[in-house]
Amino acid sequence: MKKSEFTEHWNKVLQQLSNKIDNTKFNTFFRPLTPVKVSEKDGILYFSTVNSSKIFQNSIDRYETEWKPLVEAEFGKPYTISVVEKNSLEEDENPDEPILNEDKRLNPYYTFDTFVTGANNQLAVAASVSVADGYSKDFNPLFLYGGSGLGKTHLMQAIGQYVLKNHPKKKVLYVTSETFTNEIVTALQSNTYQVHQKMQKIKDKYRNVDYLLLDDVQFIAGKDRTEEELFNTFDELYNAGKQIVFTSDKAPKDLGGIPDRLISRFQWGITVDIQPPDYETRMAILKNKAAMNDLEITPELLEVLDIIAQNIQSNIRELEGAFTRVLAHSKLTDKVITKDFAKNVLSEVFNTKTKELTPSYIKETVAKYFGVRISDMESQKRARSIAYPRQIAIYLIRTKTKYSLPNIGDCFGGRDHTTILHSYEKISEEIKTNQELRNTIENIERMLTD
Ligand code: ADP
Ligand code: MG
């Protein structure tokens, strides 16, 4: 079976499979698989991933009942699936492979599907999708900038993968500015005759694409020949109506050491910044990660995510890192992830305050104050001796944490958000006229911060 046939059959399997499996998991575990080869003798379909083939293999095995019949129907034989790491199998040379990526292929996780949109990056996402969907002079070049770990590379690669998937005839070249620079340096180091030839090769490569995605362009500052090559490449691509996308850690005007004529070109199209994510976006990213790891979003887990989201605010790479760390430790030690467990593991990552205002800490304190059980506050019991502390706890959580109404509902046995809002409003109203309630709340607040 030729690779193209393999790919074709597989795409049909994917189409049907997408209706059978939860979207996130499908996009995470099945979509990124790259068909490599078929061993008809052994009855194995080989796929590659950029890394962590084990994670993929586990998930493939877990969903065997879903894909197996589809594969058999489509391939006419009950194949098994084997996921291997990119370099462990020789890939067939495919001359018209549109993917021209440098050193590594695009990271299969870095798609629009897995990118969480928040107020901090909404514009950047919209501009990226728009650019991926088709050329518009107004958006050329697209210049994305922002601090480290905020998703610039992710978005840029998402553009690339989107184009490759939806406009497979387009040529996409993703490259880091470091690689671009190194190629030029290497070419210039060769002997006189070869310099010309090698530089020509670089020109052919970079000027022959529909999408040039140049990551971390701040890196070229002060590198004259690279700047010059980029300048010429830019003009050639731009005049030919080809899309160029840059990322950078600074806005064009703040990039020192880059010639003005290049800076001004960076600003010909659209410049969009990515800001650090707000709390809700951080929580959404963490929840997404949890779902990808097949974790059930329990109130307990939400608290763990909350601790991470409260403490790591300006770098999503670190946010993910902290979560991965907790997860890895819990797998290693076979312990359930709890707040204390997470704090322990993460104590090296951040100086966890001993008492954070998390929902469980507030619940605990309110329960102590009134002498009721936390489990009773979480239950459906309606006796005033329990309902009243519950309402106060809800009020305090609403005012002191960034939990949304539905999240608070989850902390109280899955109550509806309207119920939560009702409790909150009731206490807010009552506080205005009831001195005793005001005292109570003040006392609890003191306990919380002591
Ligand atoms: P940058 O290039 O800006 O330094 P990256 O694109 O490498 O940042 O992002 C760092 C990590 O954070 C990556 O694993 C990326 O997938 C993740 N990430 C960043 N922003 C988001 C987001 N909005 N949604 C989901 N994951 C994100
Ligand atoms: Mg990056």
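Predicted model: local features only at pLDDT ≥ 70, side-chain atom pairs only at ≥ 80, totals over all residues.
The shell around ligand 1 comprises 17 residues, of which Val116, Gly149, Thr153, His154 and Glu320 come nearest. Sorted by class, this shell holds six nonpolar, eight polar and three charged residues. Two helices, H6 (152-166) and H13 (316-333), each supply at least two residues of the shell.

At Gly149, a backbone N or O atom lies 2.7 Å from an oxygen atom of ligand 1. At Lys152, an N or O atom of the side chain is 2.8 Å from an oxygen atom of the ligand. The side chain of Asn121 has an N or O atom 3.4 Å from a nitrogen atom of ligand 1. Taken alone, ligand 1 exposes 550 Å², and the protein buries 92% of that area.

Helix H7 spans residues 177-189 and has 13 residues. From its first C-alpha to its last, H7 reaches 18 Å, close to the 18 Å expected at 1.5 Å a residue. The buried residues of H7 are Ser177, Thr179, Phe180, Thr181, Glu183, Ile184 and Ala187. These buried residues pack against strand E5 (172-176), helix H8, strand E6 and helix H9 (224-239).

Asp210 is found between two of these elements, in the loop that runs from helix H8 (192-206) to strand E6 (211-215). The relative accessibility of Asp210 is 15%, and Asp210 therefore counts as buried, the cut-off being under 20%. The side chain of Asp210 is joined to that of Lys242 by a polar contact of 3.0 Å. With neighbours within four places in sequence left aside, Asp210 is in contact with Lys169, Lys170, Lys171, Lys242 and Gln243.

The C-alpha atom of Asp340 is separated by 8.5 Å from that of Val304, a residue 36 positions away along the chain.

Terms used:
Residues numbered from 1 in each chain as written. Chains lettered and ligands numbered in written order. Heavy atoms only, no water. Helix = DSSP H or I, 4+ residues; strand = E, 2+ residues; numbered from the N terminus. Buried < 20%, exposed > 50% of the residue type's maximum accessible area, 1.4 Å probe, protein only. Polar contact = N/O pair within 3.5 Å; in protein donor to acceptor, adjacent residues only side chain to side chain. Contact = heavy atoms within 4.5 Å. Near = heavy atom within 4 Å. Areas by Shrake-Rupley, 256 points an atom, 1.4 Å probe, with all protein chains shown as cover. Nonpolar A, V, L, I, M, F, W, Y, C, P; charged D, E, K, R; others polar. Expected span 1.5 Å × (residues − 1).
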